[in-house]
Amino acid sequence: MKFIDLHIHSTASDGSLTPTEVVKEAEEFGLAAIALTDHDTVDGIDEACAAASGLTLTVVPGIELSCIYQEKEIHMLGLFIDHKNEELLQFLQEAARKRRERNETMLAAFQKDNFQISMEDLTMGNPKTTITRAHFARALLKKGYVSSVDQAFKKYLGPDCPYYRKRESITPEEAIQAIRNADGFAVLAHPCQYKLGWAKTEELISHLKARGLGGLECFHSSNNQEESGKLRRLAVKYRLVPTGGSDFHGAAKPDIRIGSGRGGLRVPALYLDEIRLSMFLL
């Protein structure tokens, strides 16, 4: 049986491997396909596709969009997007502006309290990177302010922490529409991470299904077997295509590997065919 990984990050956002290195690792693992789904950017897709030229590995153009639902940050994956679509690119430019303003406000708050962190520390030599809270966490770790990335989020960067700043929100509906405008397939990413409880998670899924959601990420590195099973049943109930991915970030999440997550993740390639069929029937 062939396997895929439809949730991967590179240096185009907050991963530690370049798109070329991501493709190489996926090929070495023997995957049939991957989706490059960097946060709010498509900048790595051309490089990944070029790196896969001549390989048996398929690269699915993708993205992960951050949005706000009832004061909670949730993430929407877009798969098989036209990453050169003008409407999508304009949407991403606006999202980048909102993220940049949030990052500048957060950085100013840290610096006001004498944290020796600069914008250069956040970009880590890649000025084109899409800066996320993970970049702040890594900078805090490197400077010795925390002992781990997890501690950085718990002490400084989580929603209830002193340096957390919300950015202007993008709604899930806007994210789905942007993905569909670019001929893509919208998937709700890692539903269990939002800690909504099962009743509200189902409410969210039902709400988004009525607004164009096509898939549900049932298999993810953070899920246990029971959670994946419940999500799979919800996907069947709401006629959504089940998908899955490792959420690989490289050194930022060193315990997560491409294709296998924390060791037990396996996403059958047949789900890719189901996505293609679903898109054809839309």
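**View 1. The largest pocket of the predicted model has a volume of about 1300 Å³.** A pocket here is an open set of points on a 1 Å grid over the protein atoms alone, with protein on both sides within 12 Å along at least five of seven lines; lining residues have an atom within 4 Å of a point. The volume is the space filled by probe spheres set on the points, which are joined across faces, edges and corners. Of the 39 lining residues, H75, R133, F153, Q193 and K253 are the closest to the centre. Helix 6 gives the most to this lining, with 4 residues. This is a predicted model, in which local features need pLDDT of at least 70 and side-chain atom pairs count only at pLDDT 80 or more, while totals for chains, interfaces and linings use all residues.

**View 2. F110 and F115 form an edge-to-face pair.** Rings of Phe, Tyr and Trp (its six-membered ring) pair if their centres lie within 6.5 Å; planes over 60 degrees apart count as edge-to-face, under 30 as stacked and the rest as tilted. The count comes to 9 aromatic pairs. Because the F110 and F115 planes stand at 80°, with ring centres 5.1 Å apart, the pair is edge-to-face.

View 3. F115 is buried at 10% relative accessibility, and Y156 is buried at 10%. Residues are numbered from 1 along each chain as its sequence is written, and side-chain values use heavy atoms, leaving out hydrogens and water.

Methods. Buried means under 20% relative accessible area, exposed over 50%, partly exposed in between (1.4 Å probe, protein chains only). On a 1 Å grid over the protein atoms alone, a cavity is a set of points where a 1.4 Å probe fits but cannot get out, and a pocket is an open set with protein on both sides within 12 Å along at least five of seven lines; lining residues have an atom within 4 Å of a point. Helices (H or I, at least four residues) and strands (E, at least two) are DSSP runs, numbered from the N terminus.
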